[in-house]
Amino acid sequence: MPVRRSVLASLALIAGMGVGLVAAGGGMALAAEGKDPTHASGLPIPRFVTVRVGEVNLRSGPNGSYPIEWVFRRKDMPVEIIQEFDTWRRIRDWEGAEGWVHQSALSGRRGVLIVGQTRPIHEAPRSDSAVVARAEPGVIGSLKKCREDWCEVDVKGYRGWMKRADFWGTYAGEKIE
């Protein structure tokens, strides 16, 4: 079903782009200025961001008139921007749910979502360093920086280092300062 929903959302986007441009007007303005509305921010795609608000509607297309397919109810949850159109961003969560949200519902801050099992947070970026806390699956934290396979995180006030594979919210080898 998620694949079918994704295909339908893509078809709705393709079929509705002309309508969205006329209705929103913003895409037309971007096109008139020589900017590409499908890469409006100029930032890399894909990229990780976080949800800015406590509840956000994911729509089937890049406009407020498209139907709501999902509702995210977790502020600061990391999501991946996989597509842009004007002021709308198509995002994906760690389980693969996708939808379009207005850019104002997102923050450029980086976050982590603990996945799998309970994960240790270490004092230093080494497996043999002291464990300062343990994070349960589903817990959200903020991402500070990454060095190779280790990232500095803050989870519920506990700051330390986690292996990149222990959470969702970064790309393999991505350097974060």
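Reader: Let me begin with the two cysteines, C146 and C151: are they buried or exposed?

Author: This is a predicted model, and in it C146 is buried, as is C151. The word buried is used for a residue with under 20% relative accessible area, and both cysteines fall into that class.

Reader: What joins C146 to C151?

Author: A disulfide joins them, with a distance of 2.0 Å from S to S, and the structure holds one such link. One can also read the turn about the S-S bond, which is 105 degrees for C146 and C151 and makes their link right-handed.

Reader: How should I read a pair of aromatic rings, and how many aromatic pairs does the structure hold?

Author: Two values are read together, the distance between the ring centres and the angle between the planes, where an angle over 60 degrees counts as edge-to-face and one under 30 as stacked. The structure holds two aromatic pairs. In one of them the rings of F48 and W168 have centres 4.9 Å apart and planes at 85 degrees, so this pair is edge-to-face. The pair links distant parts of the chain, since F48 belongs to strand β1 (residues 47–51) and W168 to strand β14 (residues 167–168), 120 residues apart.

Reader: Which aromatic pair do F48 and Y171 form?

Author: Theirs is a tilted pair, with 4.6 Å from centre to centre and 45 degrees between the planes. It too connects distant parts of the chain, with F48 in strand β1 and Y171 in the segment after β14, 123 residues apart. Taken together, the ring pairs link F48, W168 and Y171 into a cluster.

Reader: Where does N63 lie, and what does its side chain reach?

Author: N63 sits in the loop between β2 (56–59) and β3 (68–72). Its side chain reaches the backbone nitrogen of S65 at 2.9 Å, and N63 is buried because its relative accessible area is 11%.

Reader: What pLDDT does the chain average?

Author: The chain averages a pLDDT of 84, and 80% of the residues score at least 70. Over residues 1–32, however, the pLDDT is below 50, and this stretch has 29 contacts in the model beyond near neighbours in sequence.

Notes. Residues are numbered from 1 along each chain as its sequence is written. Side-chain values use heavy atoms; hydrogens and water are left out. pLDDT is the predictor's confidence in each residue, from 0 to 100. Contact means heavy atoms within 4.5 Å. A disulfide is a pair of cysteine sulfur atoms within 2.5 Å. Buried means under 20% relative accessible area, exposed over 50%, partly exposed in between (1.4 Å probe, protein chains only). Helices (H or I, at least four residues) and strands (E, at least two) are DSSP runs, numbered from the N terminus. A polar contact is a pair of N or O atoms within 3.5 Å; within protein, one must be able to donate a hydrogen and the other to accept it, and residues adjacent in sequence count only if both atoms are side-chain atoms. Rings of Phe, Tyr and Trp (its six-membered ring) pair if their centres lie within 6.5 Å; planes under 30 degrees apart count as stacked, over 60 as edge-to-face and the rest as tilted.
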